Amino acid sequence: MTELDVGPIDYLAVEFPGSRMQGKGLAALLDLVERGIIRILDLRVARRTEEGDVVAVALTDLDHDGSLDLAVFEGVGSGLLDDEDLAQSVALVAPGDAVGLIVYENTWAGPFVTAMREAGAQVIATGRIPVEDVVAALDALEAEQTSPSTTPAQTQEGMT
């Protein structure tokens with residue numbers, strides 16, 4: 001991988017109500033990393049106490065089942081995510097809840113971005129479409145495709 005072969009960098013903040021981290025998403029995260037789709041640059045977890053304080057959570061046995069859940073990511077830190085970012089994210093959740101922050105590279109896109117640069121192109125904008133908007137659009141499309149539509153010609157033919 002050359003210096004230019006770097007994919008877009010994204011982050012996710014995930015709220016864990018009641019600070020319950022069951023590890024259900026961990027297998028999916030590990031799968032993405034193992035297949036080379038993403039590379040974890042930063043991974044931090046913190047909880048907000050009932051008093052509103054921020055308490056960092058060690059990346060060890062998050063679900064208390066006796067195995068080290070995130071040992072593969074222990075020590076991961078690019079410097080892109082700092083304590084202020086963690087505090088701002090924890091401020092978004094209710095007291096007693098926890099937040100997980102992940103900064104990751106979309107490694108699948110690195111070769112594409114490099115090829116575009118070599119062809120003289122540049123990425124001039126990036127963005128995200130909120131999941132709720134995508135689901136609403138897909139639901140509307142599905143409803144449109146499954147509902148019987150009546151054209152004016154069909155209406156007139158049925159009246160004669």
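Asp31 is partly exposed, with a relative accessible area of 34% (buried means under 20% relative accessible area, exposed over 50% and partly exposed in between, with a 1.4 Å probe and protein chains only). The side chain of Asp31 meets that of Arg35 in a salt bridge, 3.0 Å from N to O; a salt bridge here is a side-chain nitrogen of Lys or Arg within 4 Å of a carboxyl oxygen of Asp or Glu. Arg35 is exposed, at a relative accessible area of 54%. The structure is a predicted model, in which local features need pLDDT of at least 70 and side-chain atom pairs count only at pLDDT 80 or more, while totals for chains, interfaces and linings use all residues. Residues are numbered from 1 along each chain as its sequence is written, and side-chain values use heavy atoms, with hydrogens and water left out.

The whole structure holds four salt bridges. Another of them joins the side chains of Glu105 and Arg39, at 2.7 Å from N to O. Glu105 belongs to strand E4 and Arg39 to strand E2, so this pair ties together parts that are 66 residues apart in sequence (helices, H or I of at least four residues, and strands, E of at least two, are DSSP runs numbered from the N terminus). Glu105 is buried, with a relative accessible area of 0%, whereas Arg39 is partly exposed at 39%. Arg44 and Asp83 also meet through their side chains in a salt bridge of 2.7 Å, N to O. With Arg44 in strand E2 and Asp83 in helix H2, the pair ties together parts that are 39 residues apart in sequence. Arg44 is partly exposed at 23% relative accessibility, and Asp83 is exposed at 56%. As a general point, side chains of opposite charge can pair when their charged atoms come close.

Stepping back to the overall layout, the protein chain has five helices and four strands, following the pattern β-α-β-β-α-β-α-α-α along the sequence. Of its 160 residues, 26% are buried. Among the contacts with a separation of 6 or more, 78% are between residues 24 or more positions apart, contact meaning heavy atoms within 4.5 Å. The protein chain exposes about 11100 Å², of which carbon and sulfur atoms supply 57%; accessible areas come from the Shrake-Rupley method with a 1.4 Å probe, and for residues only the protein chains shown count as cover.

Strand E4 (residues 98–105) deserves a look of its own. Eight of its eight residues are buried. In a regular strand the side chains alternate between the two faces of the sheet. Both faces of E4 are covered, with Ala98, Gly100, Ile102 and Tyr104 on one side and Val99, Leu101, Val103 and Glu105 on the other. E4 pairs in the antiparallel sense with strand E1 (residues 9–16) over eight bridges, where two strands pair if DSSP finds at least two bridges between them. Within this arrangement, Tyr11 has Val103 of E4 as its bridge partner. Strand E2 (residues 39–48) likewise pairs with E4 in the antiparallel sense over eight bridges, and the bridge partner of Arg44 in E4 is Leu101.

The largest nonpolar core consists of nine residues, including Leu41, Leu86, Val90 and Leu101 (a nonpolar core is a set of buried Ala, Val, Leu, Ile, Met, Phe, Trp, Tyr and Cys residues joined through side-chain atoms within 4.5 Å). E2, helix H2 (83–90) and E4 are the elements that give two or more residues to this core, and E4 contributes the largest share, three residues. A second, separate core has six residues, among them Leu29, Ile38, Leu43 and Tyr104. Val90, in helix H2, is buried with a relative accessible area of 1%. Beyond residues up to four places away in sequence, Val90 touches Ala46, Arg47, Arg48, Val54 and Val99. Ser89 is also found in helix H2 and is buried at 12%; leaving aside neighbours within four places in sequence, Ser89 is in contact with Val99 and Leu101.

On the surface, Ile129, Val134, Leu138 and Leu141 form a nonpolar patch with about 370 Å² of accessible area together. Patches are made of residues with over 30% relative accessible area and no salt bridge, like charges being joined within 9 Å and nonpolar side chains (Val, Leu, Ile, Met, Phe, Trp, Tyr) within 5 Å. Leu141 sits in helix H4 (residues 131–146) and is partly exposed at 39% relative accessibility.
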